[in-house]
Amino acid sequence: MRLMPISDAMFLVGESREMPMHIGGINLYTLPDDVDETEWLNDQLALLRQSEGLRRPFSEVLKLTPLGQYGPIRLEPDRDIDMHYHVRSAALPKPGRYREMFELASRLHSGLLDRTRPLWEITLISGLPNRQIATFKKIHHALMDGAASIHFYNSMLSPDPKERRAYSPLSVEAYEAYKRQFPAPKKPPRPNLMDIKAIGDFLKEQWGNSVGVTKAMNQYLAAMFGLGGDGLVTPFAGVPRTSFNRNITGARRFVAQSWSLDRVRAVGKAYDGTINDAVLGMCAGAMRKYLQSLNELPDKPLKAMAPVSIRPKDDIDSGNSVASVTANLATHIDDPAERMAAIQESMNSAKAQLRAMTAGQIQLYTALTSFPMMLTALTKTADKFPAYSVTISNVPGPREQMYWNGARLDGMYPASIPVDGMAMNITQVSNFKNIDFGITACRRSVPHAQRMIDYLEEALVELEAAAGIKGK
């Protein structure tokens with residue numbers, strides 16, 4: 001039995017029927033020519049349904065005190081796990097297009113996870129043409145963030161198309177084999193209470209955290225109240241109310257698409273920026289077009305919450321290790337190049353602030369700056385006092401072509417969490433030569449979310465034209 005950290009437990013506290021707090025997504029594969037599709041699917045189902053030797057958190061169930069989710073939350077092994085409940089199969093109705101696959105994913109992502117069971121599900125999806133199959137995984141955010149999910153996927157995949165594994169991707173065996181690729185993480189020694197120097201170093205560290213966070217908070221408050229802040233952009237201040245800022249329902253719409261990573265990288269480079277800058281520029285242009293289609297483009301710019309991982313490279317065990325910055329999407333600016341410059345200015349200021357802090361300081365700073373948003377969520381006032389317009393997250397994925405027991409990975413499309421006041425979430429995963437976008441939206445608040453796919457392409461073309469480069 002282990003205690004769940006408070007930072008992870010907050011995803012349980014904030015959950016409701018209208019706001020399920022799980023993440024997931026679709027992985028799309030193409031089967032090798034030399035296997036029978038039905039036989040291959042049955043083999044993978046059998047592996048995934050192995051209940052012996054499961055790794056945590058897949059093997060764990062919540063253990064609550066009489067205070068429920070508001071008291072200490074522990075995770076303990078589930079001694080009677082029903083793997084047929086957690087691992088399912090589904091066949092798409094004809095014609096089995098991506099449209100039907102995304103409709104199925106939308107329905108699967110809408111339902112709450114059962115808290116009396118381990119908080120995850122996997123559905124193996126057949127019925128696609130051209131020997132393609134898919135998986136849809138969902139797991140509670142209290143157990144994993146996006147980076148931890150990528151570690152899980154990497155542990156089940158291989159760069160060798162001929163490799164076949166006789167153990168489950170959910171097993172301790174798979175996890176330990178993957179962990180051997182990383183050096184053992186360094187754990188800070190606990191201070192010896194009899195060692196005066198160790199106590200002094202510990203107190204010095206805590207004092208340094210306090211001083212660093214105080215400086216960051218002063219900069220944050222100055223920016224929020226228009227008193228400076230060195231170009232820093234903050235939530236709440238000046239966020240316009242649009243369709244994206246409504247309180248949401250529990251029904252979801254999930255759509256996805258891939259773009260060439262080289263193409264997106266070229267746009268970032270053309271503006272002396274990064275791939276992430278280019279992604280934000282695409283999203284800003286697409287959201288601008290979407291609001292124009294509704295005749296509600298505001299005069300003030302939309303703002304995005306952009307989660308950033310603060311997880312050390314050798315940390316594959318933590319459930320959540322993430323902070324966030326605020327990006328000015330500059331949607332009030334018509335010219336794509338000027339809009340990109342404003343986006344980059346806000347991101348450069350945010351990144352400079354984070355670089356001036358340690359990981360511990362960033363965690364404390366994030367907790368302090370997130371409190372007002374948590375308060376509006378708990379009081380159901382996020383639609384009246386929006387902190388942001390949207391969440392835009394970028395997660396690094398595999399850097400080479402990967403395979404799952406011979407099946408080629410074609411796409412990793414992340415599904416994430418809309419919340420009250422932010423009815424749409426855009427998450428991307430870099431996957432070998434592509435960047436795979438997953439858009440998750442409240443079905444009622446953001447009607448026709450599938451149009452965002454076309455608008456993202458149009459926005460990318462505009463950025464290319466403004467920079468004088470040709471798309472690939």
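**Reading the sheet**

Reply: Begin with one pair. Strand E2 (residues 22-30) and strand E13 (residues 407-415) are joined by 7 bridges and pair in the antiparallel sense. Keep in mind that this model is predicted.

Me: What do strands of a sheet pair through?

Reply: Strands of a sheet pair through backbone hydrogen bonds, in a parallel or antiparallel way. Here is one case: Thr30 has Arg408 in E13 as its bridge partner.

Me: In what order do the 6 strands of the open sheet come?

Reply: Read across: E5-E6-E7-E2-E13-E12, with mixed pairing. Strand E5 (87-91) and strand E12 (403-404) each have a single partner strand, so one side of each lacks a neighbour in the sheet.

Me: Which helix lies across E2?

Reply: Helix H5 (residues 146-156) does, and it also lies across strand E7 (132-140), E12 and E13. H5 runs at about 30° to E2.

Me: Now a hairpin. How many residues lie between E3 and E4?

Reply: The hairpin has 2 residues between them. Strand E3 (residues 60-65) runs antiparallel to E4, with 6 bridges. Lys63 stands opposite Arg74 in E4. E4 (residues 68-77) is also joined to strand E1 (residues 2-3), antiparallel, by 2 bridges. There, Arg2 has Leu75 as its bridge partner.

Me: Last one. Is Arg55 buried or exposed?

Reply: Use the cut-off: buried means under 20% relative accessible area. Arg55 has 7% relative accessibility, so it counts as buried. Arg55 sits in the loop between helix H2 (37-48) and E3. Beyond neighbours within four places in sequence, its contacts include Met144, Phe152 and Tyr175.

Key
Residues are numbered from 1 along each chain as its sequence is written. This is a predicted model: local features need pLDDT of at least 70, side-chain atom pairs count only at pLDDT 80 or more; totals for chains, interfaces and linings use all residues. Side-chain values use heavy atoms; hydrogens and water are left out. Two strands pair if DSSP finds at least two bridges between them. Helices (H or I, at least four residues) and strands (E, at least two) are DSSP runs, numbered from the N terminus. Buried means under 20% relative accessible area, exposed over 50%, partly exposed in between (1.4 Å probe, protein chains only). Contact means heavy atoms within 4.5 Å. Axes are lines fitted to C-alpha atoms, for helices over the stretch in contact, and angles run from 0 to 180 degrees between N-to-C directions.
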